[in-house]
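Open the model in your viewer and keep the sequence panel beside it. The stops below are meant to be selected in order.

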Amino acid sequence: MPEITRDEVAHLADLARIDLSDAELDHLAPQLQVILESVASIQGLAGDDVPATSHPLPLTNVFREDIVTPSLTPEQALSGAPSVEEQRFAVPRILGDEQ
Amino acid sequence: MSELIQKSAAELADALAAGETTSVELTQLYLDRIAAVDGEVHAFLHIDAEGALEQAAASDARRANGDALHALDGVPIAVKDVLTTIGLPTTCGSKMLEGWVPPYDATVVKKIKDAGLPILGKTNMDEFAMGSSTEHSAYGPTKNPWKLDRIPGGSGGGSAAAVAAFEAPLALGTDTGGSIRQPGAVTGTVGVKPTYGSVSRYGLVALANSLDQVGPVTRTVLDSALLHELIGGHDPLDSTSTTTPVTGLVDAARAGATGDLKGVKVGVIKELAGEGWAPDVMAKFNESVDLLTKLGADVVEVSTPSFEHAMAAYYLILPAECSSNLAKFDAMRYGLRVTPDGDPSAEDVMKASRDAGFGDEVKRRIILGTYALSSGYYDAYYGQAQKIRTLIIEDFKKAFEQVDVLVSPTSPSTAFKLGAKLDDPLAMYMQDLATIPANLAGTPGISIPAGVSDQDGLPVGVQLLAPVLEDARLYRVGAALEAAIGPVLGLDKLDDRLAAGGAA
């Protein structure tokens with residue numbers, strides 16, 4: 001039986017960049033365990049002879065003519081930004097103290 | 001309630017063409033209706049009265065000049081809030097996108113604008129389309145117009161409820177695992193998931209790219225055909241868009257309405273019945289199957305054994321895709337930004353924003369997807385789910401060697417009570433048992449009202465499935481069945497129930 005511990009959920013949340021509170025971890029971890037137990041039923045069902053399908057249509061690369069078409073203006077592209085500076089997205093510091 | 005707003009979109013188009021009404025009159029009637037009932041139903045997240053009336057006036061001016069753009073020019077429509085609209089907020093039912101106004105239109109939105117359909121507003125949905133009840137909307141649930149203490153289905157409960165409550169004659173929905181068809185079933189309306197790739201996904205805020213599809217939400221099969229043909233077709237902006245023209249659907253619906261299904265082979269899916277399927281739903285479903293036989297169809301039982309594993313495969317593939325899709329909500333370029341105290345880094349801001357902006361279900365699925373894609377688990381979960389997907393596609397192929405269309409109930413039960421499954425994710429996921437296989441395989445499906453349950457008087461849906469690119473079959477058989485079932489009574493009493501506060 002697969003297990004997903006509270007610590008593991010905390011680690012996954014960290015990887016997914018979600019700052020879960022202790023209360024949220026208490027709430028979500030057991031629910032995820034139940035879901036995982038259910039979906040784990042497919043383990044080992046299909047053998048090596050079954051190919052994987054990632055997409056319902058057999059698509060290969062799609063090309064278009066290399067023609068310049070209008071796109072968003074800088075003002076439009078920045079219109080939803082939480083913070084803008086000099087026609088750019090303004091973001092918090094990226095490096096930590098130790099860098 | 002005005003008689004006009006109870007008419008189908010096709011009838012309204014005829015009335016506009018005949019000069020019996022105007023788009024401004026119609027649009028105003030729907031806006032009045034929304035003002036009267038949406039306080040209770042809460043189908044809309046945003047109403048654009050001014051914009052809709054402007055578009056309606058432009059439509060009337062065109063028509064006066066003999067320049068109508070499309071049969072549906074001037075017929076109002078509601079749009080699910082997961083489709084981008086220039087100048088109108090697009091929240092996806094999430095706090096993450098509260099107040100976001102996109103700078104571009106989804107291709108399907110552009111198409112309905114180019115055809116002259118006034119947009120009434122944006123409809124409520126489960127956050128980022130994750131859910132089967134619309135209760136996961138960050139802006140509060142939509143209520144089922146049939147009984148206000150019941151769910152309207154999800155994720156597109158807003159679109160279905162708007163159409164069911166006569167707040168709009170047409171709506172756009174999106175279907176990733178049943179989000180058009182299941183709300184259709186529980187609100188007594190028609191909903192279609194087109195063949196994957198036949199309707200552009202450009203401007204649809206992606207939940208799971210390999211599963212999502214935009215489709216029509218209406219009260220009649222013919223109306224769905226009209227809207228489906230309008231929004232379908234190749235789009236160079238969507239690299240998964242098929243080049244096959246989307247035509248013949250309206251003709252198929254009109255042909256089907258004559259009621260002759262001689263020579264049509266229908267397969268009843270053996271696996272989508274039995275334990276977990278409510279007896280009142282099965283009773284109505286069996287009546288529909290009997291009607292298909294009476295209409296001349298050759299009905300046989302068909303087995304699709306791997307469907308049993310569809311839900312498990314889906315709840316690995318979908319979280320995997322959505323966990324990477326939703327990574328774009330990073331508080332840097334658009335959407336909510338929460339800045340913790342002190343001197344937070346970009347990563348701290350990201351984490352705080354995503355915790356504040358996402359609801360429980362979104363968090364559950366992102367974490368599950370992150371798990372399924374982790375090294376060490378990838379082959380056992382995501383890899384295995386992709387193989388099950390292959391088996392499901394093969395089951396469909398084998399089934400369609402024997403029959404022209406497949407049939408099943410759309411949803412295992414009628415609308416359940418609001419709150420009943422909110423904190424029991426697995427029970428909620430079970431709602432989509434019958435609808436998920438079509439998304440995994442890319443095949444088209446329709447849900448039409450089969451009547452109301454003898455137990456609770458709530459609507460039951462019957463689902464038809466066809467092979468990839470054979471959407472026309474859904475319309476032919478669906479229209480025949482719809483005509484044979486006749487009007488599904490109950491919604492006509494809607495205003496009495498609303499007046500009684502939903503207690504009836």
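The model is predicted: local features need pLDDT of at least 70, side-chain atom pairs count only at pLDDT 80 or more, and totals for chains, interfaces and linings use all residues. Residues are numbered from 1 along each chain as its sequence is written, while chains are lettered from A and ligands numbered from 1 in the order in which they are written.

**Stop 1: the annotated positions**

Select Lys80(B), Ser155(B) and Ser179(B), where UniProt, in an unreviewed entry, places the feature "active site". UniProt positions follow the numbering used here, feature names are shortened, and annotations may be inferred rather than shown by experiment. The three span 100 residues in sequence, yet no two of their C-alpha atoms are more than 10.9 Å apart, so they gather at one spot.

Centre on Lys80(B), which is in strand S2 of chain B. Helices (H or I, at least four residues) and strands (E, at least two) are DSSP runs numbered from the N terminus. Lys80(B) counts as buried because it has 32 C-beta neighbours inside 10 Å. The cut-offs are 20 or more other C-beta atoms within 10 Å for buried, 12 or fewer for exposed, and partly exposed in between, with C-beta atoms placed from the backbone. Beyond four places in sequence, Lys80(B) touches residues including Ser159(B), Leu172(B), Gly173(B) and Thr174(B); contact requires C-beta atoms, placed from the backbone, within 7 Å.

Move to Ser179(B), in the loop between S4 and helix H6 (181-187) of chain B. Ser179(B) is buried too, with 36 other C-beta atoms within 10 Å. Among its contacts outside four places in sequence are Ser155(B), Gly173(B) and Thr174(B).

**Stop 2: strand S4(B)**

Select residues 170-174 of chain B. Five of the five residues of S4(B) are buried, so the strand is largely enclosed by the rest of the structure. In a regular strand the side chains alternate between the two faces of the sheet. Here Leu170(B), Leu172(B) and Thr174(B) lie on one side, Ala171(B) and Gly173(B) on the other, and both faces are covered.

S2(B), residues 77-80, pairs with S4(B) in the parallel sense over two bridges, and Val79(B) stands opposite Leu172(B). S6(B), residues 214-218, runs antiparallel to S4(B) and is joined to that strand by five bridges, with Gly173(B) opposite Gly215(B).

**Stop 3: the core**

Which residues have the most contacts inside the largest nonpolar core? They are Ile77(B), Ala313(B), Leu316(B), Ile367(B) and Val405(B), in a core of 175 residues. Such a core is a set of buried Ala, Val, Leu, Ile, Met, Phe, Trp, Tyr and Cys residues joined through C-beta atoms within 7 Å. Helix H10 (residues 310-325) of chain B gives the most to this core, with 11 residues. Select Ala313(B): outside four places in sequence, its contacts include Ile42(A) and Leu440(B).

**Stop 4: helix H16(B)**

Select residues 471-485 of chain B. Of the 15 residues of H16(B), 12 are buried, so the helix is largely enclosed by the rest of the structure. Gly486(B) follows H16(B) and has a positive phi, near 80°.

**Stop 5: between the chains**

Finally, show both chains. The contact takes 46 residues from chain A and 54 residues from chain B. H2(A) gives the most to the side of chain A that touches chain B, with seven residues.

Key. Two strands pair if DSSP finds at least two bridges between them. Two residues are in contact if their C-beta atoms, placed from the backbone, lie within 7 Å.
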